[in-house]
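Please find below a colleague's note on the model under discussion.

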Amino acid sequence: ASEANLHYGGRGRVTVIDSLNTGAGLGQLVELAAQAAASREASHEIERILRAAIPHIYTLVCIPGLAHLASVGYLSPAQAVVGDMLGLFPIFMLEEGRLSPLEKVRTQRHLIESFQEFLEEFESPRGVALVKGAQNHVRTRPLRQYVSDMFPAVPFSEHSLNAPLTALLGPQTIALTVMEME
């Protein structure tokens with residue numbers, strides 16, 4: 001993006017910001033920028049708002065099919081085979097743009113409980129988003145209800161995992177993103 005700006009930017013000013021996020025976290029930042037722009041904030045103020053919001057976006061990612069992580073070199077093929085044989089649901093935290101292992105659970109029920117425990121860490125989030133791969137069959141209704149009960153005024157959205165993330169993480173992936181109030 002920086003190089004494109006140098007060659008094709010013209011008179012317009014383009015600021016490239018590494019969001020350290022993807023999926024719903026990136027979407028929440030785009031919404032925040034659009035709201036600031038609609039309020040006629042100056043470009044430097046929009047940049048300040050976004051940079052201040054980035055450290056307040058938290059994402060948990062569960063990647064049940066580990067073969068995809070092995071194919072991109074994040075895990076060894078042996079680790080992926082063993083994890084898949086054990087039927088584990090590994091949960092990662094997206095930290096500073098990288099996946100960090102957090103825990104492993106054995107059932108879909110335990111996965112939802114882990115997501116609920118994660119949500120308990122927040123007092124008043126700005127938004128909560130759930131992203132599911134096309135082959136993920138985890139029942140999310142209990143999680144939706146939990147968010148509704150715990151944070152009745154907080155928007156909750158559900159999305160499908162996009163094609164690039166599906167290729168990277170696999171179609172069974174499920175992620176929970178929370179944007180915290182500043």
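The note begins with the basis of the model and then turns to overall architecture, helix packing, aromatic pairs and individual loop residues.

1. Basis of the model. This is a predicted model, in which local features need pLDDT of at least 70 and side-chain atom pairs count only at pLDDT 80 or more, while totals for chains, interfaces and linings use all residues. Residues are numbered from 1 along each chain as its sequence is written, and side-chain values use heavy atoms, with hydrogens and water left out.

2. Overall architecture. The protein has 8 helices and 6 strands, where helices (H or I, at least four residues) and strands (E, at least two) are DSSP runs numbered from the N terminus. Along the sequence they follow the pattern α-α-α-β-α-α-β-β-α-β-α-β-α-β. Taken along the principal axes, the C-alpha atoms fill a box of roughly 55 × 40 × 25 Å.

3. Burial and contacts. Of the 182 residues in the protein, 40% are buried; buried means under 20% relative accessible area, exposed over 50%, and partly exposed in between (1.4 Å probe, protein chains only). Among contacts between residues at least 6 apart in sequence, 74% join residues at least 24 apart, contact meaning heavy atoms within 4.5 Å.

4. Helices α2 and α3. The axes of α2 and helix α3 (residues 43–53) come within 10 Å and cross at roughly 150°; axes are lines fitted to C-alpha atoms, for helices over the stretch in contact, and angles run from 0 to 180 degrees between N-to-C directions. This angle makes α2 roughly antiparallel to α3 (under 35 degrees counts as roughly parallel, over 145 as roughly antiparallel, 65 to 115 as roughly perpendicular and the rest as oblique). The contact is formed by Leu29, Leu32, Ala33, Ala36 and Ala37 of α2 together with Ile46, Ile49, Leu50 and Ala53 of α3. These residues divide into 9 nonpolar, no polar and no charged, with Ala, Val, Leu, Ile, Met, Phe, Trp, Tyr, Cys and Pro counted as nonpolar, Asp, Glu, Lys and Arg as charged, and the others, Gly among them, as polar.

5. Helices α6 and α7. Helix α6 (residues 108–119) and helix α7 (residues 141–150) have axes that come within 10 Å and cross at roughly 20°. The two helices are therefore roughly parallel to each other. From α6, the contact draws on Ile112, Phe115, Gln116 and Leu119, and from α7 on Pro142, Leu143, Tyr146, Val147 and Met150. In this contact, 8 residues are nonpolar, 1 is polar and none is charged.

6. Aromatic pairs. How many aromatic pairs does a search of the whole structure find? The search finds 3, where rings of Phe, Tyr and Trp (its six-membered ring) pair if their centres lie within 6.5 Å, and planes under 30 degrees apart count as stacked, over 60 as edge-to-face and the rest as tilted. The rings of Tyr74 and Phe92 have centres 6.0 Å apart and planes at 75°, so this pair is edge-to-face. It links distant parts of the chain, with Tyr74 in the loop between α4 (67–71) and α5 (77–86) and Phe92 in strand β2 (residues 89–95), 18 residues apart. Tyr74 is partly exposed, at a relative accessible area of 36%, whereas Phe92 is buried at 5%.

7. Phe118 is buried, with a relative accessible area of 5%, and Phe122 counts as buried at 6%. Ring pairs link Tyr58, Phe118 and Phe122 into a cluster.

8. Pro64. This residue is found in the loop between β1 (57–62) and α4 and counts as buried at 14% relative accessibility. Residues up to four places away in sequence aside, Pro64 touches Asp84, Leu88, Phe89, Pro90, Gln172 and Thr173. The C-alpha atoms of Pro64 and Gly170 are separated by 8.3 Å, although the residues are 106 apart along the chain.

9. The loop between α1 and α2. Ser19 lies in the loop between α1 (2–8) and α2 (23–38) and counts as buried at 9% relative accessibility. Its contacts, not counting residues up to four places away in sequence, are Leu26, Leu29 and Ile54. Leu20 is placed in the loop between α1 and α2 and is partly exposed, with a relative accessible area of 33%.

10. Positive phi values. Leu20 has a positive phi of about 60° although it is not a glycine. For Arg40, also a residue other than glycine, phi is positive and near 65°. Arg40 lies in the loop between α2 and α3 and is exposed, with a relative accessible area of 77%.
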